[in-house]
Amino acid sequence: MSETLLSAWSAARDRLKAAGVDSPVLDARMLIEDAAGVTRLDIVTDPYRELSAAQLSAIEAHMARRAAREPVSYILGKKAFWKSEFTVSPAVLSPRPETELVVETALTLVGEETPARALDLGVGSGAIAISLLIERPMLRAVGVDFSAEALAIARFNAVAQIVADRLELRAGDWAEGLGEGAFDLVVSNPPYIRSGAINLLAPEISRYEPRAALDGGPDGLAAYRALAPALARVLKPGGGFALEIGEGQAEAVWAHLDAAGLTPLGVREDLAAIPRVVFGRKA
Ligand SMILES: C[S@@+](CC[C@H](N)C(=O)[O-])C[C@H]1O[C@@H](n2cnc3c(N)ncnc32)[C@H](O)[C@@H]1O
């Protein structure tokens, strides 16, 4: 019997469910759309459309990867974030919905009409910096990462989103080599998972995402220890900052910022009511 869109979808759903994937229906549909070159509407309105041998083999390849718990975003090579779609690869963290709170918070810290300079430390795919540049046409930004592969992805995304002329990408260790008092805004989503907890995370994260994007050292706070004094140095007086944090880290991160002479102003919670972004200003 020949395979149709509907039979392929239900077989894929069962296979992903058996593999422990927590959103098998959605993932099966997204992967079939991509592999077979069909739309959601095709699946709904023409479910008995027969699939060609080439489509079936492309679907099989996608499903084998997903059943091995590779994230959908790496299989598709893209991830939606804020108002855009970002190219991703295993060299970068797949941007997360909760990181949109960093963008939302940062936008409250810079004006719409005035030229300003922003710094994104650990720029990865460029999700935060590029979203800010899209929202603020007067903004220019520097994005730093120590991964050359991540910088290549960020560059590709900046070109695709037509903000490359306002984004300078630099290889470096956090803010090393950047001038004192040079930025109106600093944002960062640094690695903040405790080293010992990484292998306990879902295989999508522990097996596939870059360890350097996750590993926050023995207590998860190593990056904040480096970032707090760096922020104090590179921010202009009155400049703002917004940092993503891990669950339960708000107090410790706040203390590091305070000790560096910065003024933390508040902590914002994500949709799961987890304190997720610490923000503030340099006095
Ligand atoms: C959690 S990812 C965040 C990526 C992106 N900003 C986002 O929010 O999706 C952290 C990023 O920081 C980078 N990174 C880690 N340590 C660094 C360091 N010492 N200097 C520069 N970049 C670093 C990693 O390569 C990774 O791209």
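Helix axes here are lines fitted to C-alpha atoms, over the stretch in contact, and angles run from 0 to 180 degrees between N-to-C directions. Helices (H or I, at least four residues) and strands (E, at least two) are DSSP runs, numbered from the N terminus. This is a predicted model: local features need pLDDT of at least 70, side-chain atom pairs count only at pLDDT 80 or more, and totals for chains, interfaces and linings use all residues. Residues are numbered from 1 along each chain as its sequence is written.

Start with the overall layout.

Now look at α1 (residues 5–18) and α4 (residues 53–67). Their axes come within 10 Å and cross at roughly 20°. That makes α1 roughly parallel to α4. Angles under 35 degrees count as roughly parallel, over 145 as roughly antiparallel, 65 to 115 as roughly perpendicular and the rest as oblique. A8, A12, R15 and L16 of α1 meet I59, M63, R66 and A67 of α4. Two residues are in contact if their C-beta atoms, placed from the backbone, lie within 7 Å. By class, this contact of α1 with α4 has six nonpolar, no polar and two charged residues. Ala, Val, Leu, Ile, Met, Phe, Trp, Tyr, Cys and Pro count as nonpolar, Asp, Glu, Lys and Arg as charged, and the others, Gly among them, as polar.

Next come α6 (residues 100–107) and α7. Their axes come within 10 Å, crossing at roughly 40°. That makes α6 oblique to α7. On the α6 side, the contact uses V102, V103, A106 and L107; on the α7 side, it uses I128, S131, L132 and E135. Six of these residues are nonpolar, one is polar and one is charged.

Helix α7 leads us to the ligand. Which residues come nearest to the ligand? They are P95, G122, G124, N189 and A213, out of 22 around it. The elements giving two or more residues to this shell are α7 (127–135), β4 (139–145) and α10 (211–214). A residue is near a molecule if its C-beta atom, placed from the backbone, lies within 6 Å of it. The shell holds 14 nonpolar, six polar and two charged residues.

Finish with α11 (residues 222–234) and α12 (residues 250–259). They pack at about 30°, with axes 8 Å apart. They are therefore roughly parallel to each other. Y224, R225 and A228 of α11 meet V253, H256, L257 and A259 of α12.
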